[in-house]
Amino acid sequence: MSANFEQSLLRLSKRMSELGLCSRREADEWIAKGWVRVDGKVVSELGTKVYPSQKVTVERQAAAEQSKRVTILINKPMGYVSGQAEDGYKPAVTLIRPENRWSGDTSPEQFHPTQLKSLVPAGRLDIDSVGLLVLTQDGRIAKHLIGQDTEIDKEYLVRVQYTKPGKLPDADLKKLNHGLWMDGKPLLPAKVRWQNDDQLSFTLREGKKRQIRRMCEMVGLKVIGLKRVRIGRVKLGELPTGQWRYLNADERF
């Protein structure tokens, strides 16, 4: 068999993720349960490979299970980590309790502790940053928000102090928008503009570790406070600090 012929085969779970049916982890679960068909035939062996031209379908049970998966928005306070507990700090998921649910949440969804199972942060927010954090059980949403080819932008309000005399030169503001390098690579263009005398609005498509703080340091700005206010089309809005709500069925990132 020629090398080219071999290369055109893909793992079924990878193909399902590419097709937007589910995440790879979900794909493996569904394959093991016999919920996946290739060209009409049930495939239940993990690691099966398929050609892109083959038709992949999933049983109704998979769609039903997926529709039960929840996505939760939290207004993360300072001092909480996005993911796993570290250095004695609590993860944001510990805030998801019935008593912390925002009274303004209009979702008909009822809280149940099973919703905390396999609820993962779709993106991170530093321990000393606050604002909108998304946790989801839905692999499609996680991939949409943090996948390599994501088109989703995120907006932050950043309180800053200029560490040099005078005020930030326009040339440096332009650099924040486009022209800075980090970790040996040029950063994608951003939208950075003044909101008022000491606050900038940053809109980014990427999220390298401590990116905004590092960008600011490069032009002599010290970050005093950082708050994420929007992810795609979903805004933090009036959600109070430390409280959470469900993503509504009609909301799209």
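This is a predicted model: local features need pLDDT of at least 70, side-chain atom pairs count only at pLDDT 80 or more; totals for chains, interfaces and linings use all residues.

User: Why is cysteine 22 called buried?

Analyst: Cysteine 22 has a relative accessible area of 1%. Buried means under 20%, so cysteine 22 is classed as buried. Cysteine 216, at 0% relative accessibility, counts as buried by that criterion. The structure holds zero disulfides.

User: What makes the buried residues of helix 6 line one face of the helix?

Analyst: The buried residues of helix 6 (residues 170–177) are Asp172, Leu173 and Leu176. Viewed down the helix axis, they fall within an arc of 105 degrees, and therefore line one face of helix 6. The face turned away from this buried side carries the exposed residues Asp170, Ala171 and Lys174. The cover over the buried residues includes strand 9 (154–162), strand 12 (191–196), strand 13 (199–204), helix 7 (211–218) and strand 14 (221–231).

User: Why is serine 118 called partly exposed, rather than buried or exposed?

Analyst: Serine 118 has a relative accessible area of 37%. Buried requires under 20% and exposed over 50%; the value for serine 118 lies in between, so the residue is partly exposed. Serine 118 is found in the loop between strand 6 (71–76) and strand 7 (120–121), and its phi is near 50 degrees, a positive value in a residue other than glycine.

User: How do you know that arginine 210 is partly exposed?

Analyst: The relative accessibility of arginine 210 is 32%, which falls between the 20% and 50% cut-offs, so the label is partly exposed. Arginine 210 lies in the loop between strand 13 and helix 7, with a positive phi near 50 degrees.

Notes: Residues are numbered from 1 along each chain as its sequence is written. Side-chain values use heavy atoms; hydrogens and water are left out. A disulfide is a pair of cysteine sulfur atoms within 2.5 Å. Buried means under 20% relative accessible area, exposed over 50%, partly exposed in between (1.4 Å probe, protein chains only). Helices (H or I, at least four residues) and strands (E, at least two) are DSSP runs, numbered from the N terminus. The arc is that of the directions from the helix axis to the C-beta atoms. Contact means heavy atoms within 4.5 Å.
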